[in-house]
Amino acid sequence: MARASGAPATAAQRRRHREIIDAAAAVFSEKGYHGASTRVIADRVGMQQGSLYYHFRSKDAALEEVCRLGVTEFVEGLRNIVEAEVPTAKKIARAVANHLEPLRQRRDYVRTFLFSRHNLPRALRTDVWQLTHEYEDLLEGLFRQGVESGDLRADLDCRLAMQAFIGMCNAAAVSHQPSRSQSLDGYIQAFADIILSGVIRRQR
């Protein structure tokens, strides 16, 4: 973020900008794309609607930043997991945790990405779509690593496994509620067990 004059933003300005983006994420998560507005976002942080445009020029621009920040964390975490020198099963379990852990502190970003990213206008989709495809490629590559090492089934369809992984974990992100009896740790363990049971090579 930079000020309108082009000078770098101060630490206080960066913190304020992040507060506003957090508020935008919460509004998109609660109300959906069509129910959200810059007025509601401004009210959430106690500022005039016009002042909000110092931070982003439109509701669509706010959505783009929320989605980009949301998916960037997933990609960076998965990249580190894929590159780690640990067994494939542990990588897959860590990948499940990487996908679901953001629900603890960044649930609004996750829900906004899942439910509202398709509302981004074409001109603002590029970065988000590139990050999404990078995540898919990393995950598919993780399964391919496992097949090549002999840790996973030789007949595994790695692209289908990637799609199943994302579909299951996204379903968990939608269905898990903080107030329910099963903890997020329980969700992570259960989904890791389910995924691993379908892809691990069985020893004879």
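Start with the lining of the largest pocket. By class, this lining holds eight nonpolar, five polar and two charged residues. Keep in mind that you are looking at a predicted model.

**Stop 1: the largest pocket**

How many residues line it, and which come closest to its centre? The lining counts 15 residues, and F113, R117, T132, I166 and N170 are the closest to the centre. The pocket has a volume of about 280 Å³. Rolling a probe the size of a water molecule over the atoms shows where empty space is left.

- α4, residues 59-83
- α6, residues 107-116
- α7, residues 126-149
- α8, residues 158-175

Which helix gives the most to the lining? It is α7, with five residues.

**Stop 2: F113**

Is F113 buried or exposed? Its relative accessible area is 13%, under the 20% cut-off, so F113 counts as buried.

Show what touches F113. Beyond its neighbours within four places in sequence, F113 is in contact with C67, V71, V128 and T132. Next, pick the C-alpha atoms of F113 and G70. The two residues lie 43 apart in sequence, and their C-alpha atoms are 6.7 Å apart in space.

**Stop 3: helix α5**

Select residues 88-100, which form helix α5. Check the length from end to end. At 1.5 Å a residue, the 13 residues of α5 should span 18 Å, and the end C-alpha atoms are 19 Å apart, so the two values agree.

Which residues of α5 are buried? They are T88, K91, I92, A95, V96, A97, N98, H99 and L100. Now bring the surrounding helices back into view.

**Stop 4: T88**

Zoom in on T88, which belongs to helix α5. Its relative accessibility is 7%, so T88 counts as buried. A polar contact of 2.8 Å joins them.

Setting aside neighbours within four places in sequence, T88 touches L142, G146, S149, D151 and L152.

**Stop 5: Y187**

Move to helix α9 and select Y187, which has its place there. With a relative accessible area of 13%, Y187 is buried because that value is under 20%. Y187 and A42 are 145 residues apart in sequence, and 35 Å separates their C-alpha atoms.

**Last stop: the whole protein**

What secondary structure does the protein have? It comes to nine helices and zero strands. From the N terminus on, the elements run α-α-α-α-α-α-α-α-α.

Along the principal axes, the C-alpha atoms fill a box of roughly 65 × 40 × 30 Å. Colour by accessibility: of the 204 residues, 44% count as buried. Finally, look at contacts across the chain. Among those between residues at least 6 apart in sequence, 69% join residues at least 24 apart.

How values were computed
Residues numbered from 1 in each chain as written. Predicted model: local features only at pLDDT ≥ 70, side-chain atom pairs only at ≥ 80, totals over all residues. Heavy atoms only, no water. 1 Å grid on protein atoms, 1.4 Å probe; cavity = no way out; pocket = protein on both sides within 12 Å on 5 of 7 lines; lining within 4 Å. Points joined across faces, edges and corners; volume = space filled by probe spheres on them. Helix = DSSP H or I, 4+ residues; strand = E, 2+ residues; numbered from the N terminus. Nonpolar A, V, L, I, M, F, W, Y, C, P; charged D, E, K, R; others polar. Expected span 1.5 Å × (residues − 1). Buried < 20%, exposed > 50% of the residue type's maximum accessible area, 1.4 Å probe, protein only. Polar contact = N/O pair within 3.5 Å; in protein donor to acceptor, adjacent residues only side chain to side chain. Contact = heavy atoms within 4.5 Å.
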